[in-house]
Amino acid sequence: MSNRAWWIIGGVGVAFVAWMLLPWWATLLIVLAVVGAPVAGYLMLDPSQRRRLARIRERRQLGR
């Protein structure tokens with residue numbers, strides 16, 4: 001199993017525990033913050049940085 005899969009499984013587990021222990025609105029805020037932080041970071045990149053990131057992602061896919 002890849003490292004990415006382990007991170008996803010762990011994230012789902014933590015979200016489930018938070019859902020059980022915290023009020024629904026607090027869990028929703030945590031999940032939105034975890035998803036929103038990388039999205040906001042990507043949107044703050046200028047177009048040349050986004051192109052560079054896309055090239056890096058493409059190269060990573062070639063080995064599969």
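Basis of the entries. I note that this is a predicted model, in which local features need pLDDT of at least 70 and side-chain atom pairs count only at pLDDT 80 or more, while totals for chains, interfaces and linings use all residues. Residues are numbered from 1 along each chain as its sequence is written, and side-chain values use heavy atoms, with hydrogens and water left out.

Overall form. I found 3 helices and 0 strands in the chain, with the elements running α-α-α from the N terminus on; helices (H or I, at least four residues) and strands (E, at least two) are DSSP runs, numbered from the N terminus. The chain is more spread out than a compact globule, because its radius of gyration of 16 Å is well over the 11 Å that the globule rule gives for 64 residues. That radius is taken over C-alpha atoms, and the globule rule is 2.2 Å times the number of residues to the power 0.38. I also recorded the box that the C-alpha atoms fill, roughly 40 × 30 × 10 Å along the principal axes.

Surface. The accessible surface of the chain comes to about 6,000 Å², and 70% of this belongs to carbon and sulfur atoms; such areas come from the Shrake-Rupley method with a 1.4 Å probe, and for residues only the protein chains shown count as cover.

Single residues. I went to Ile 8 in helix α1 (residues 3–21), which counts as exposed at 52% relative accessibility. Its C-alpha atom is separated by 22 Å from that of Ala 54, 46 residues apart from Ile 8 along the chain. In helix α2 (residues 24–43) I looked up Val 34, which is exposed with a relative accessible area of 58%. Val 34 and Leu 53 are 19 residues apart in sequence and 20 Å apart in space, C-alpha to C-alpha. Ile 30 is also found in helix α2, and at 41% relative accessibility Ile 30 counts as partly exposed.

Nonpolar patch. I then saw that Ile 30 and Val 34 are among the residues making a nonpolar surface patch of about 850 Å², including also Phe 16 and Trp 19.

Methods. Buried means under 20% relative accessible area, exposed over 50%, partly exposed in between (1.4 Å probe, protein chains only). Patches are made of residues with over 30% relative accessible area and no salt bridge: like charges are joined within 9 Å, nonpolar side chains (Val, Leu, Ile, Met, Phe, Trp, Tyr) within 5 Å. A salt bridge is a side-chain nitrogen of Lys or Arg within 4 Å of a carboxyl oxygen of Asp or Glu.
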